[in-house]
Amino acid sequence: MSDEQNSVKESSSRDIPIDVSRWGFPGSMNVSFKDDKDDLFDDSKVIINIGPTHPAMHGAFRCMAKLNGEVIESSYSEFGYTHRAKEKLGENRTYHQFIVYTDRLNYCSALINNVAYALSVERLMGIEVPTRATWIRMMAAEIARVTDHLICVGINAVDLGAFSFFLYGYQQRERAYTLIEKLCGARLTTSYTRIGGLMYDAPEGWEQEVKTWALKTREVIDEMDSLLTNNRIWHKRTKEVAIFNKEQCMKYSFTGPNARAAGIDLDLRRDQPVLFYDRVDFDVPTAQIGDVFDRYAVRIEEMRQSLSILIQCAEKIKKGPIWADDKRTRIPDKEVVHNTMEGMIHHFKFFMTGFDVPEGEAYTPFEAANGELGFYIVSRGGPKAHRMRIRGPSFWHYQGLDPMIKGAYVGDLVGALGSINVIAGELDR
Amino acid sequence: MDFPILWMKIAVVLVGLLATVPIMLFVERRGSALMQDRLGPNRIGPFGLLQAALDVVKFLFKEDRALRHTNQAYFTLAPWIAVVPAFMTFAVIPFASSMDWDGRHVSFQIANLDVGILYCFAIASLGVYGIIIAGWASNNKYSLMGSLRSSAQMISYELSMGLSVIGIILSFSSLKLGDIALGQGQAFFTVFGHTIPKWGVLIQPLGFILFLISVFAETNRLPFDLPEGESELVAGYHLEYGSMKFALFFMAEYINMAVASALVTTLFFGGWQMLPGFPYLHHVLFGSAEFQTQEIARVGFEALSFLSKIAFFMWLFVWVRWTIPRFRFDQLMHFGWKVMFPLSLLNVVLTAYLVMKGVL
């Protein structure tokens, strides 16, 4: 019996013809890719697979690189490992329910996503939020921008070997998260904004705490600046490395600090102001070359500008209501919900079926930490969006990685990827 | 040959070097924490002193996986090839001067070889074989790249390292490290009644800087840690290693650091020559004691001076690691061949000229 089985096994294993061509090895393919310039397997160069679990890849990306010694001859970048169908979810959740999903886009600056989403829905519904809510939203967005940039320049430095620099900034980032925690109780996934208002009002004295934090952070950023910016090795690693010039940036639709590093003077906070960005003074730093160093330097300067905006906001903010006077979107107070029948029904209707949004479409571009973040919403009436499209800057920036690292060294790949600050959550959505 | 004393010396050196590893683990962790405004591991034992001991236990109990895709024989051999030369180098380094004990002449150096410093370089460069074999036997592209980087780096920087020491050899007319350490006790010049000893760093400042940089490259520490290059090559040559095999590589790195610090000390900072203030302290404390006690105390002070100097350089290694970024590979080679190499040649020519003129 057992012999029989064995013989069956053996014969079956022997009978399966090994078809090498299916494995995709060079030389044994039926189809020739000889004319394809982008084919990685066209000769015997070493191909390494960087990612999706490689420590240099922040998040799950994959970059297949063909190496000639240490030089990357060509590469092919892949994404989609963190795809969670955010846009489809936007069409299956009510407008209120979708707020939590926006946190998970760019998780380094979740507040900016919340704000951008709320702005878009409010534009669709024609809601105007009160002054205080707008100021708080603006402050929240700027705090998030600083934390995002701190992470970006910090991680970029870690990749290039300067670990202490990262932890200098990390302290302030933690303190910023404590400020955010005081706003909404969460540190990372904030879900702070509501359509037509905010989750909670900022606690007593919060503005002053933000101001103190901003002043302290400014010192820390100066310290970080003096530690790294004039370091010779840092210059060697970043200057003239992974250049993405103005034309390329235009072609690849770069926005935000990455575009400004290449000399595109574009900042939506100044050019198409939403919130109260037209009521505060700030500069838009730009650089010329568009290499890793320029992206780093632009971000460092932008943090200083954001801190200055925060200080101005803290001085201008006044007490007042945080909810727009609109019955459709106003979440009923708990007092009313627990004590009155109408309140209870309102509460249930709000959370179970959501509020109706008039027909139409809206897109609000918002200057997120990495570039233009926009929610394009098409409504055909009803509580759910007909189409929810998210324009995340990382998606466009990641497309630029391959041309950016062509001809660069393996060590530059990590520097380049860190400098454009691609966030997996926002890229894959 | 006095074997009992020789064995004792070997035991002292071995134990001392082995003890360096946990101490440096502690210093590196808490030191980096100090620099980075955080606490570091502080839960195990007083000030987290026992953390290193627990790490050793962890390494011992980890499963030593036999990876199918590796070349087992070389894979097992490689860590040993890395760690053994690291220990061997210390054999020629004097850690105190000599003394007479019980009618016998005792020198505090395992072997005062005639080739001295050449032996150091010869053995130290064997360590790279461990790394290359590890990279090759791992059968992993990242490991292989790490080991290739390592071999190129070691060869390039060994050149400038060797050349930067020639100045010292010329100045003291000896290859023996014992003689070099002894020679640095001579008076160099006098300032305001203080005699400045003829330490290597004073007569060979350029040589010292070149040697120090080369030593950083040889020990694979930041800014030259490209063979590991954690962000690019994941962990480089020891990517596939785990448990005690990895621990051996880890040990080799720290012992190499200790040996490198000892070499810098011996060649450029007077070796066991006492630190300023120590002769006075010795005179005050033991001036009236018996001759034998005085001698023992002197050797003690000398060993202490040597250890403090080593400790400073070990700290320097940690300090630099947590301060500056890493080079890129082409920049490293560029720096080694186009900056370090010509400068060390210049140093040799300059020193030879000065020695010929009788200045040094």
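## Burial and the A:Arg295 site

A residue is called buried under 20% relative accessible area, exposed over 50%, and partly exposed in between, with a 1.4 Å probe and protein chains only. A:Arg295 counts as buried because its relative accessibility is 1%. The model is predicted: local features need pLDDT of at least 70, side-chain atom pairs count only at pLDDT 80 or more, and totals for chains, interfaces and linings use all residues. Residues are numbered from 1 along each chain as its sequence is written, chains are lettered from A and ligands numbered from 1 in the order in which they are written, and side-chain values use heavy atoms, with hydrogens and water left out.

A:Arg295 sits in helix H12 (residues 292-316) of chain A; helices (H or I, at least four residues) and strands (E, at least two) are DSSP runs, numbered from the N terminus. A:Val153 is 142 residues from A:Arg295 in sequence, with a C-alpha to C-alpha separation of 8.8 Å.

## Chain A overall

Chain A has 18 helices and 8 strands. Of its 429 residues, 57% are buried. Among its contacts between residues at least 6 apart in sequence, 70% join residues at least 24 apart. The chain exposes about 18500 Å², and carbon and sulfur atoms supply 53% of that area; accessible areas come from the Shrake-Rupley method with a 1.4 Å probe, and for residues only the protein chains shown count as cover.

In H17(A), 11 of 11 residues are buried, among them A:Gly411, A:Asp412, A:Ala416 and A:Ile420. A:Asn421 follows the helix and has a positive phi, near 50°. A:Asp412, a residue of helix H17 of chain A, counts as buried because its relative accessibility is 4%. Apart from residues up to four places away in sequence, A:Asp412 touches A:Arg237, A:Val241 and B:Arg328. With B:Arg328, A:Asp412 forms a salt bridge whose closest N and O atoms are 2.9 Å apart; the criterion is a side-chain nitrogen of Lys or Arg within 4 Å of a carboxyl oxygen of Asp or Glu.

Between chain A and chain B the count is 2 salt bridges. There are also 12 residue pairs in polar contact between these chains, both residues at pLDDT 80 or more (a pair of N or O atoms within 3.5 Å; within protein, one must be able to donate a hydrogen and the other to accept it, and residues adjacent in sequence count only if both atoms are side-chain atoms). On the chain A side, strand E1 (46-50) and helices H6 (163-184), H7 (206-228), H8 (232-238) and H17 (410-420) each supply at least two residues that touch chain B. In total, 32 residues of chain A are in contact with 24 residues of chain B. The area buried between the chains is about 2500 Å², with 58% from carbon and sulfur atoms; buried area is the accessible area (1.4 Å probe) that two parts lose on being put together, summed over both. In chain A, A:Glu70, A:Ile233 and A:Lys236 lose the most area to chain B, together 22% of what that side buries.

## Salt bridges within the chains

Over all chains, the whole structure holds 39 salt bridges. A:Asp222 and A:Arg304 form one of them, at 3.0 Å from N to O. This pair links helix H7 to helix H12 of chain A, 82 residues apart. A:Asp222 counts as partly exposed because its relative accessibility is 37%. A:Glu367 and A:Arg260 meet in another salt bridge, at 3.1 Å from N to O.

In chain B, B:Asp114 forms a salt bridge with B:Lys176, the closest N and O atoms being 3.4 Å apart. B:Asp114 is in the loop between strand E2 (104-108) and helix H4 (117-124), and B:Lys176 in the loop between helix H6 (141-172) and helix H7 (177-183), so the pair ties together parts 62 residues apart in sequence. B:Asp114 is exposed, at 59% relative accessibility, whereas B:Lys176 is partly exposed, at 25%.

Methods
Contact = heavy atoms within 4.5 Å.
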